[in-house]
Amino acid sequence: MVEIANSALVRRALLTDSIGGRPQAGAASPDRDTLAPLSDITADQWRRLAERAIEPNGYYLPDWELAVNAFARGRTGVSALGAWHDAPTAQDGTTSLIGLVPVISLWRACRVPLPALVSADPYGTLSTPLIDRDMANGAVAGLMLEARNAGAHALILRDVPLDGAAMKVFTELLQRDGVRPLVLQSHVRACLDATRDADELLRDALGPKKLKELRRQRHRLAEHGAVHFDVARTPQDVASAVEIFLDLEASGWKAKRGTALMQDEGDASFVRRAAKALAEIGQCEIVTLRAGDTAVAAAIVLRHLDRAFYFKLGVDERFARLSPGVQLTLDLTRHLCADPAIAMADSTASADHPMINPIWRGRLAIGDVLIPLRRNDPMVSLIHAAITLRRLIREPVRRAVHFIRRRRETSS
């Protein structure tokens with residue numbers, strides 16, 4: 001790694017502040033070949049692209065990602081990798097945005113000093129690029145050209161559906177040039193086929209014995225007051241419901257770990273702003289399960305095109321024995337399956353998530369993908385090797401930390 005970092009090849013190609021990292025010693029400073037700040041993309045242009053996207057991504061909707069970029073801890077100051085269509089639009093006479101990926105440098109993403117761009121973390125485990133479905137090839141070609149012009153040798157897309165429409169366009173375009181994308185890591189996570197009948201789906205997923213136990217728990221929950229499932233949709237209702245969600249999320253194990261949104265002013269500000277702004281255009285709901293007047297669980301759900309995204313869940317752990325998170329998820333499943341506008345819901349959860357996996361039995365293949373920007377480029381091999389080495393070093397450490405944390409939480 002030292003030899004890589006000190007080579008003249010790397011020094012000439014290192015990316016600067018324009019793509020999310022500070023200039024390194026000896027690095028070239030691109031002038032016209034730099035990327036604009038993400039905040040320079042107008043919300044109207046971005047929304048028009050989102051409406052035409054070949055594949056949904058609730059976390060790259062403008063009102064969500066711009067709020068992340070403005071407030072969220074460690075996620076601000078992102079750059080825009082964009083593709084544009086020269087023909088003026090009828091609305092305002094400007095060129096049309098046909099592709100967009102919020103990006104940062106590889107140095108900022110994982111402290112690897114090599115010339116690559118990485119999709120920015122949108123505070124959700126999904127970074128599918130927004131690509132105009134009617135100009136998909138031109139959009140992807142434009143994104144890769146823009147990345148090359150910024151000095152990058154590779155584009156790394158984190159947490160993208162490997163079988164999705166966006167990756168299909170990237171793969172087909174690369175294959176025409178004799179290049180293939182490299183999957184850096186992959187896993188599967190839970191998703192919901194919302195076109196099915198909810199009761200049938202839940203019977204198949206959980207079986208009669210488990211459903212009977214959940215009904216018993218719901219009856220016990222009702223001893224604290226009538227159990228009801230509420231959906232906040234209007235900006236005013238969402239603004240109130242997000243405070244309930246934040247309080248619940250900060251009341252349990254996430255607060256003990258220091259990862260609750262409420263524990264950081266920037267994180268709390270982003271989610272408040274994003275939820276209310278998306279509710280104004282029907283792209284955010286907050287679902288709450290109550291026992292009488294007491295909120296026992298709440299979750300934020302984003303909506304984009306025909307897909308829903310289960311962002312985060314907060315529960316009142318005083319009711320933990322009665323499975324309030326599971327109860328909320330059962331009601332959410334029925335809610336989504338009853339909505340003809342939703343075909344699928346992405347859990348955006350970790351692989352093997354103990355709560356959602358038994359309920360939502362669909363599986364979505366997700367991975368990090370390295371897109372080479374030039375054919376037969378030795379720098380791509382260096383980038384691939386450096387990232388692989390980093391992962392091999394970090395993975396055992398990560399597992400050890402999680403093991404120790406679980407032991408401490410079990411004993412406390």
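This is a predicted model: local features need pLDDT of at least 70, side-chain atom pairs count only at pLDDT 80 or more; totals for chains, interfaces and linings use all residues.
Residues are numbered from 1 along each chain as its sequence is written, and side-chain values use heavy atoms, without hydrogens or water. Local features need pLDDT of at least 70 and side-chain atom pairs count only at pLDDT 80 or more, whereas totals for chains, interfaces and linings use all residues.

**View 1. Salt bridge between Asp 346 and Arg 189.** The structure holds 20 salt bridges (a side-chain nitrogen of Lys or Arg within 4 Å of a carboxyl oxygen of Asp or Glu). In this one the N to O distance is 2.9 Å. Asp 346 lies in strand β12 (residues 344-346) and Arg 189 in strand β7 (residues 182-193), 157 residues apart; helices (H or I, at least four residues) and strands (E, at least two) are DSSP runs, numbered from the N terminus. Both residues are buried (under 20% relative accessible area; exposed is over 50%, partly exposed in between; 1.4 Å probe, protein chains only).

**View 2. Salt bridge between Arg 218 and Asp 331.** The side chains meet at 2.9 Å, N to O. The pair joins helix α8 (residues 198-221), which holds Arg 218, to helix α12 (residues 324-337), which holds Asp 331, across 113 residues. Arg 218 counts as partly exposed because its relative accessibility is 23%; Asp 331, at 9%, counts as buried. Both belong to a network of salt bridges that also links Asp 199 and Arg 334.

**View 3. Salt bridge between Glu 285 and Arg 233.** The N to O distance is 3.3 Å. Glu 285 is in strand β9 (residues 284-291), and Arg 233 is in the loop between β8 (227-232) and α9 (235-249), 52 residues apart. Glu 285 is buried, at 5% relative accessible area, whereas Arg 233 is partly exposed, at 45% relative accessibility.
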